[in-house]
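Here are my notes on the model you sent over. I have kept them to numbered points so that you can go through them with the viewer open.

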Number of protein chains: 2
Amino acid sequence: VFALERVRVLAPQHPEWRTTQPFQAILEGDQRALGRMTEHDFAAVIAATHADMTTTEFTQIVQRWLSDARHPRFQQPCTWCTYKPMVELLGFLRRNGFKTYIVSGGGADFIRAFSEITYGIPPEQVIGSTGKTRFEVGNRGADLVKLPEVTSIDDGPGKPVNIGERIGRRPILAFGNADGDLEMLQYVVGGRGPHLAALVHHDDEDREYAYDREGKRWGRLDKALDAAHAGGWTVVSMRSDWNVIFPTDNP
Amino acid sequence: VFALERVRVLAPQHPEWRTTQPFQAILEGDQRALGRMTEHDFAAVIAATHADMTTTEFTQIVQRWLSDARHPRFQQPCTWCTYKPMVELLGFLRRNGFKTYIVSGGGADFIRAFSEITYGIPPEQVIGSTGKTRFEVGNRGADLVKLPEVTSIDDGPGKPVNIGERIGRRPILAFGNADGDLEMLQYVVGGRGPHLAALVHHDDEDREYAYDREGKRWGRLDKALDAAHAGGWTVVSMRSDWNVIFPTDNP
């Protein structure tokens with residue numbers, strides 16, 4: 001959502017976007033074209049909207065945007081749209097000696113702007129998609145400038161690859177909610193010691209969303225659901241297992 | 001040293017190395033050719049010797065090697081050749097709420113095999129040079145296989161770039177000992193809050209080594225020394241400021 005809005009904000013500086021996909025679709029609000037956006041289209045949007053500013057400036061823009069933005073359906077700040085049971089689980093794990101991470105397909109620098117305040121997870125424990133940066137010593141001080149080139153898409157097999165590169169050891173517990181988490185969960189299950197791989201199943205259209213086999217792009221839970229059934233992994237039903245979803249819900 | 005020894009161990013499987021630089025120089029012990037090795041030659045050696053095994057296997061090989069290897073000059077395990085004042089500093093910082101990292105030009109997976117036991121720094125707080133990996137679910141279980149392709153050389157401007165990518169915020173304190181640390185120290189000094197950038201100057205040939213302006217390749221301290229003098233950064237003299245160097249020294 002942030003990236004789409006940035007396309008609109010930056011459009012006057014990019015007249016070519018009016019005739020280039022996927023930017024044209026975003027600017028025209030073309031829902032059909034948006035529905036066809038691939039992971040690489042999405043990466044192009046992220047690259048274009050996150051680039052040409054220092055990481056410090058980027059964090060400020062995200063934090064300013066977050067303080068104003070309201071979730072279109074839930075009409076509250078996006079940072080309040082966390083899943084209460086998951087936030088409770090993170091706290092429980094940390095109180096029991098676990099180090100908790102976010103491993104997301106979203107942009108790492110974007111998530112880092114609110115991860116600590118929202119999930120109690122500091123920036124260095126956020127693994128996400130990344131873009132190239134260049135270190136510059138100049139007018140803007142000594143800082144990292146974001147460049148419009150994606151270096152890593154943290155999705156599918158990219159998740160265990162990035163976990164290995166950044167953390168350097170195999171996780172013993174992971175939750176996923178989409179097919180992009182399958183390889184990460186396989187990596188967890190491949191460990192020799194005790195481990196837990198689990199899926200959160202978005203099956204509550206009334207209180208949140210429902211999707212699985214028919215979901216689009218990143219919101220599909222199909223192969224991972226098969227793997228969970230075959231491997232006896234825990235599948236958490238949002239509808240049946242969670243009495244509250246958002247922190248602001250009444251139980 | 002580990003990589004050079006791995007070239008000798010793996011040479012029978014790579015007859016082409018006998019006539020390809022830099023491998024030929026290593027196998028023949030050609031000191032002059034070794035002295036001319038560039039950073040990219042070194043990366044090629046790292047890529048070739050660290051590849052084609054799972055990260056789990058690689059860690060085991062390194063740990064086995066470390067338990068046998070003796071430093072050629074100091075005749076003790078390499079993991080004992082730490083700088084006692086630096087290890088004390090790491091402990092002091094951690095006791096005062098700092099999170100400590102190693103940011104090294106060496107291979108991240110190599111350093112991770114001993115960072116916790118040697119420096120009290122867990123694998124996920126090691127930033128180093130990295131190679132590509134592929135996630136595989138197969139005979140060897142679900143694991144990451146190291147591939148012979150370098151993805152990041154953690155040296156010079158690569159240090160702040162990797163710090164930004166992995167940690168996601170600017171360090172407030174860093175020590176360096178070579179020109180490859182200059183940009184990292186500039187990044188620290190560019191922060192708005194309190195910060196400390198410091199250099200350890202290897203100027204004690206009797207007890208350890210001495211090099212600065214005339215050092216070769218990674219062991220040169222020239223531009224960073226100028227920057228330290230110009231910027232008033234702390235320069236620590238191993239000869240004058242450290243009464244012990246190694247943990248086994250008598251003060």
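Helices (H or I, at least four residues) and strands (E, at least two) are DSSP runs, numbered from the N terminus. This is a predicted model, in which local features need pLDDT of at least 70 and side-chain atom pairs count only at pLDDT 80 or more, while totals for chains, interfaces and linings use all residues. Residues are numbered from 1 along each chain as its sequence is written, chains are lettered from A and ligands numbered from 1 in the order in which they are written, and side-chain values use heavy atoms, with hydrogens and water left out.

1. Let me begin with the loop at A:Gln75. This residue sits between helix H5 (55-68) and helix H6 (84-95) of chain A. A:Gln75 counts as exposed, at 55% relative accessibility (exposed is over 50% relative accessible area, buried under 20%, partly exposed in between; 1.4 Å probe, protein chains only).

2. Chain B has its own entry here. B:Gln75 is in the loop between helix H5 (55-68) and helix H6 (84-95) of chain B, and its phi is positive, about 50°, although it is not a glycine. With 57% relative accessibility, B:Gln75 counts as exposed.

3. Please look at the cis peptide bonds too. One joins A:Gln21 and A:Pro22, with omega about 5°; A:Pro22 belongs to the loop between helix H1 (2-10) and helix H2 (23-28) of chain A. In chain B, the bond from B:Gln21 to B:Pro22 is cis, with omega near 0°, and B:Pro22 lies in the loop between helix H1 (2-10) and helix H2 (23-28) of that chain.

4. Now the interface. The contact (heavy atoms within 4.5 Å) takes 32 residues from chain A and 32 residues from chain B. The buried area, meaning the accessible area (1.4 Å probe) that two parts lose on being put together, summed over both, is about 2500 Å², and carbon and sulfur atoms give 49% of it. On the side of chain A, A:Glu124, A:Phe135 and A:Glu165 lose the most area to chain B, together 24% of what that side buries.

5. How many salt bridges does the rule find across the interface of chain A and chain B? There are eight, a salt bridge being a side-chain nitrogen of Lys or Arg within 4 Å of a carboxyl oxygen of Asp or Glu. B:Arg169 and A:Glu124 meet in a salt bridge through their side chains, at 2.9 Å, N to O.
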